[in-house]
Amino acid sequence: MAVQPFYAAAASLRSNGILDLVVEDSLSNDVYVMLGNGDGTFQSPVPVPTSAGAITVTAGDFNGDGKMDLLALEGGCCVQVFPGNGDGTFGTPVTTPLPYGQSGYAMAVGDLNGDGKLDVAVAGESLPNYQVAILLGNGDGTFSADGHYAVFADPLSVAAGRFHGGKAVDLAVGNFLGGSLSVLLGNGDGTFQQAVNYDTWGPTWVAVGDLNGDGKEDLVASNFGSASNSFASTVSVFMGTGDGTFQPGVAYPAGELLNYVAIADFNDDHKPDLVALDHLGNAVITLLNTGVVSFSPTTPLTFPTQLTGTTSAPQTATLTNNGTSPLIISSVSSSGKPFHMQTTCAGSIAPGGNCTITATFTAAAENVTTGTVTIRDSASSKPQVVELVGTGTVVKLAPRQLNFPPQKSGTTSHSKTIQLTNTGSTALDFTSKISIGVGSAFFESNNCLPSLNAGASCSIHVVFAPRYKGTFSESVFITDTGGGSPQSVPLTGTGD
């Protein structure tokens, strides 16, 4: 069976209404067919050998005989159609080499020229260029090249949809290194307009669906990172206008390193939700559709690291009714003991109106604590949720920042001191050397030993030594076992 599966497709290969699975194996030249039993279980996988190993695989009737075939993209060489026999087995493959000297990363299938035959768009590279090649189906399992269109670097995914009305099929391409989605509007004859690009962060997959029920297709991208943190993944939603353009993406935090996103109704409220696969976090993440209700910010209410026993400044989320009728809120409740919640959300919220949810965090223990605010309303049969995230620490730093007065370039300031206190009940260990960025105009020394006893303090001394005129900013970084590590103390100064 598959040793390292990376991609799977579901289809009724026997045309009996029962879904079967086709799984590629990135460590062999086989794809595997797993016939469904109709009860959520599957028969043992049966290998189907490919010529050069499938990058991705899908199903469709590519030779016009009414039976489901398999289509495998084999990145360095070709696309292969495996003609279906109608019983879950397949005949001798039909191979079409990739045109234009192109390697393939991803593909999308659709009737791109309106002739009733399935075509394929292949995204990849033809160095030094990155492009989408169009292969029009001949109706017999072979394809003919019909042009290519430039996109940005590393187009790892491509999806087909109808973004500007009518019958023409359009394409959306996720450019991983290019940090964008490329939208190519179809002319209906197999040709496309040049790409229009929308910014996002390292998109690993793109999906198409009508998320808000307005009859206009929207785009969703799973991202490697976000605007503020390249190591925290997000899902970006681009709402379609119906004329082939999209609103700027709105990012929702989701996991550590996403490599896939899909659209379906997962909570049976008749609204499309999102599911994402977190490769690094080994998790499946579901984002439920809140319907006419929107929240600002879209991210969880995340509190800065808080000293244990103390209470944070309040954080506020705003709930807005984007619908055309009043929103009835039946209840608002919170969970997570360290969090305290107050809200103006009650009763009826008029169309376009809003209310607020305000929370504080009292750190009771070291490290991360999570909670939720749950809102039950008429927008959905399922509750809306605002996530709360707080981090406690026993590391007390005073002051919390150092600001140096103007200092003549080439000279060194008097020392300023940060006192670090272990407010915990056990010893605090420093896991690496206290530091300031390399090449900084600030320099530190300290008497903090590798371990600091409960209740004890040590001192970090900082001087400012600008080499030239200008404004300087940096931070002292402390990594330790006290929760919320690394802690940081901002430093600012002006060279005169």
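1. Basis. The model is predicted: local features need pLDDT of at least 70, side-chain atom pairs count only at pLDDT 80 or more, and totals for chains, interfaces and linings use all residues. Residues are numbered from 1 along each chain as its sequence is written, and side-chain values use heavy atoms, with hydrogens and water left out.

2. Aromatic pairs. The structure holds 16 aromatic pairs. Rings of Phe, Tyr and Trp (its six-membered ring) pair if their centres lie within 6.5 Å; planes under 30 degrees apart count as stacked, over 60 as edge-to-face and the rest as tilted.

3. Y149 and F192. One of the pairs joins Y149 and F192 edge-to-face, at 5.8 Å centre to centre with 75 degrees between the planes. Y149 lies in strand β12 (residues 143-151) and F192 in the loop between β15 (180-184) and β16 (196-199), so the pair ties together parts that are 43 residues apart in sequence. Strands (E, at least two residues) and helices (H or I, at least four) are DSSP runs, numbered from the N terminus. Y149 is buried at a relative accessible area of 9%, and F192 is buried at 5%. Buried means under 20% relative accessible area, exposed over 50%, and partly exposed in between (1.4 Å probe, protein chains only).

4. F404 and F442. These two rings form a tilted pair, 5.8 Å centre to centre and 45 degrees between the planes. The pair links distant parts of the chain, 38 residues apart: F404 is in the loop between β35 (402-403) and β36 (416-422), and F442 is in strand β39 (residues 442-446). F404 is buried, with 7% relative accessible area; F442 is buried too, at 3%.

5. Around F404. Ring pairs join F404 and F442 with F464, Y468 and F472 in a cluster. K416 lies over the face of F404, 5.7 Å from the ring centre. A charge sits over a ring if NZ of Lys or CZ of Arg is within 6 Å of the ring centre and within 35 degrees of the ring normal.

6. The sheet with β12. An open sheet is formed by 4 strands in the order β9-β10-β11-β12, with antiparallel pairing. Strands β9 (103-110) and β12 stand at the edges with a single partner strand each, so one side of each is left without a neighbour in the sheet. The twist averages 25 degrees from one strand to the next; axes are lines fitted to C-alpha atoms, for helices over the stretch in contact, and angles run from 0 to 180 degrees between N-to-C directions.

7. β9 and β10. Strand β10 (residues 119-126) pairs with β9 in the antiparallel sense over 7 bridges. Two strands pair if DSSP finds at least two bridges between them. G110 stands opposite D119 in β10.
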